[in-house]
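User: I am new to this structure and would like to learn how to read its features one at a time. Could you take me through them with the general idea before each case?

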Amino acid sequence: MAIKSGVKRRKRVAFIILLVLSILWVLPLLWALGTSFKSANDMRTNVITIIPREFTFGNYQNLFENSAVYPIFKWLRNSALIAIIHTLLYLIIASMAAYAFGVMRWKGRNLVFGLLLATMAIPTVINLTPLFTMVIRFGWLDSEASWKSIFALIVPGLGGTFGLFIMRQFFMNIPYDLVESAQIEGLGHFGVYRKIVLPLGKSAIMVAGLFAFMGSWNDYLWPTLTAAVHFDPNWYTLQTGLATMQSQSNYDPGQVMAAAIISIIPVLIVYMFVQDKIIEGVSHTGIK
Amino acid sequence: MNAKQKLKLKEGAKRYLTVAFFLVPYIVLFATFFIFPLFFGVYISFFRYNVFDPSASKFIGLDNYKLAISGLTIGTTNVTYYAKMFWGSLKNTLLFVGVSVPLLIIIPILIAILIDIQPRFYKIFRVIFFLPTILSISAVGIIFKWQFDTQYGFVNGLIRVFGGKEVAWLNSQPYAWIAIIVTTIWWTIGTNTVIIGAGLKEVDKQMYEAAEVDGASYPRVIWSIALPSIKNQIFIIVFTTVIASFNIYGQPDILTGGGPAPSGTVAAGTPGTTTVVMMVIRGLMTGVNRQPGLAAAMSLIFGFFILIISLGQAAYNKYREKY
């Protein structure tokens with residue numbers, strides 16, 4: 001009995017601490033949202049309240065009217081285009097490799113995969129300079145044809161290992177009997193891959209896809225570095241555009257806050273639908 | 001060779017062709033954009049490299065390394081600027097790793113323990129703590145930069161309400177670092193919280209109950225039963241958090257731009273909150289100062305440093321698993 005009442009009290013204490021902490025965690029977002037609807041005067045005099053005293057769409061209006069300087073819808077388009085193409089290509093290429101590593105039986109499989117695994121220890125910062133040089137040499141960062149910069153943002157990440165590992169891990173658990181009996185019925189490896197492994201591996205592919213998409217959508221360093229060669233705002237990604245806005249010495253905080261909110265909304269909507277999948281995917285990274 | 005052997009050989013070759021079909025696209029990309037750059041980076045580091053016209057590059061031996069480590073006499077002037085900045089930024093990065101990593105480990109463990117008690121709405125709490133990790137650093141940076149604004153920020157607004165003196169968060173030390181670390185905690189703890197939470201979930205709760213029947217307090221139970229059972233998860237989050245913290249870039253880049261300079265000096269040429277990755281990026285970005293060779297040399301020195309630490313941790317983990 002003593003333990004039971006202890007459990008109850010413990011749950012209550014945990015609830016109160018978590019409640020306070022999660023308010024702290026939500027507050028910056030609510031404050032940003034509120035601030036984006038404040039007038040310039042309100043922003044200066046009414047600093048700590050979340051709800052604007054004079055509610056206005058002015059910041060959003062200014063932002064949209066300013067689209068010659070800050071083409072935020074083009075940034076959204078670019079980010080979406082890059083993230084979607086990158087994710088689709090990556091899923092095709094990496095799921096095929098995951099099939100070779102996780103389903104097919106061949107000599108040297110573990111050795112090759114082990115080598116791939118070992119390269120994860122190499123810090124990625126080393127590759128920044130050579131990759132930057134390479135994409136310039138490929139002609140992907142050309143101020144005359146700045147649209148080509150999307151190649152520089154789509155292609156190099158296709159060699160990423162994270163999603164491959166997730167899919168391979170999952171594919172390995174597909175019973176080999178299934179593969180063999182399908183082969184007896186006349187399916188080749190491509191058939192097995194397409195008709196058996198892909199449908200069965202849907203959840204792993206989805207997790208790998210989510211991470212590829214989020215990584216591409218949220219990437220800041222690489223798109224900003226490459227944009228500093230072509231300097232064409234029409235081909236900035238959303239993240240580069242946002243960063244450029246706030247780095248101006250005379251930036252309008254209301255406009256920038258509105259832009260930040262616009263950038264967050266699509267991500268929040270996706271998160272609402274797939275948060276369980278993402279959290280599940282992350283929790284698996286801790287289990288070897 | 002008899003017919004049977006021939007057939008076997010043919011089958012073997014066919015099998016490898018099929019493997020190649022599945023593997024080659026990925027391996028080509030991996031080799032081109034991951035393996036080749038490793039060697040190319042070393043090559044570049046020996047040149048005064050021109051990214052736009054490689055034929056105009058000049059082999060300068062170890063000069064880039066000297067420029068980064070000790071300074072280099074060019075003509076009659078001794079150029080120590082880059083060495084000063086490199087060591088300063090390395091010191092900054094180590095400071096950030098030293099302060100942030102313990103916080104980014106301990107806070108998630110505490111939160112995960114509370115969530116594992118499964119109080120009301122615990123699933124919602126988990127979703128809330130994880131939420132910032134899916135946002136981009138540019139959005140997070142904009143929000144926190146404005147929150148920490150001296151005049152119009154939320155934080156100083158709150159301080160003023162309680163009659164305190166406002167703090168120049170982003171323009172003075174050590175407050176600039178505090179702002180960067182607070183931002184980092186808010187932004188990133190979700191991942192570690194979820195990983196630790198997944199570990200705790202697997203621990204047999206009957207062991208908790210048995211220990212409590214024997215009179216152990218709950219903190220005691222956590223300390224001697226729960227934490228030892230999630231050693232693997234703790235190792236993983238330490239390992240990944242150390243690497244992520246060494247690579248810190250976006251937070252100072254957006255919040256402080258690498259400043260502030262100590263009072264009375266000009267901003268350029270002082271490490272402020274500049275980190276090593278920021279130095280590397282500057283070497284690639286800024287027009288006049290663009291020095292890919294130097295950037296490559298700095299990232300190789302730094303990368304080697306990170307590699308040693310990662311391998312050290314991995315070796316420790318092997319040792320730990322053995323005993």
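User: Which residues have the most contacts inside the largest nonpolar core?

Analyst: Please keep in mind that this is a predicted model. A core is read by asking which buried nonpolar residues are joined to one another. Here the largest nonpolar core has 153 residues, and those with the most contacts inside it are Ala94(A), Ala97(A), Met167(A), Ala208(A), Ala260(A), Val280(B) and Met298(B). The largest share of this core, 14 residues, is supplied by H4(A).

User: What is Met167(A) in contact with, once its neighbours within four places in sequence are left aside?

Analyst: Its partners are Ala94(A), Ser95(A), Ala98(A), Gly201(A), Ala204(A), Ile205(A) and Ala208(A).

User: Where are the domains of chain A, and how many residues of domain 1 are in contact with domain 2?

Analyst: Chain A is divided into domain 1 (2–56) and domain 2 (66–284), and their C-alpha centres lie 33 Å apart. Between them, 7 residues of domain 1 of chain A are in contact with 6 residues of domain 2 of chain A. On the domain 1 side, helix H1 (2–36) and helix H2 (40–45) of chain A each supply at least two residues, with the largest share, 4 residues, coming from H1(A). That side divides into 4 nonpolar, 2 polar and 1 charged.

User: What is the domain assignment of chain B, and what separates the centres of its domains?

Analyst: The assignment gives domain 1 (13–78) and domain 2 (81–290) of chain B, and 32 Å separate their centres, taken over C-alpha atoms. Chain B has 13 helices and 4 strands. To read its overall form, one compares the radius of gyration with that of a compact globule: for 323 residues the globule would be near 20 Å, whereas chain B has 26 Å. Its C-alpha atoms fill a box of roughly 90 × 75 × 35 Å along the principal axes, and buried residues make up 40% of the chain.

User: How many residues of chain B are in contact with chain A?

Analyst: An interface is read by counting the residues on each side and then asking where they come from. In this model, 84 residues of chain B are in contact with 71 residues of chain A. On the chain B side, the largest share, 17 residues, comes from helix H1 (residues 3–45) of chain B, and by class this side has 61 nonpolar, 17 polar and 6 charged residues.

User: Why does Arg120(B) count as partly exposed?

Analyst: Arg120(B) has 13 C-beta neighbours inside 10 Å, and therefore counts as partly exposed, since a residue is exposed at 12 or fewer and buried at 20 or more. Arg120(B) lies in the loop between helix H3 (81–116) and helix H4 (122–130) of chain B.

How values were computed: Residues numbered from 1 in each chain as written. Chains lettered and ligands numbered in written order. Predicted model: local features only at pLDDT ≥ 70, side-chain atom pairs only at ≥ 80, totals over all residues. Contact = placed C-beta atoms within 7 Å. Nonpolar A, V, L, I, M, F, W, Y, C, P; charged D, E, K, R; others polar. Domains from an automatic or database assignment. Core = buried A, V, L, I, M, F, W, Y, C linked by C-beta atoms within 7 Å. Rg over C-alpha atoms; globule rule 2.2 N^0.38 Å.
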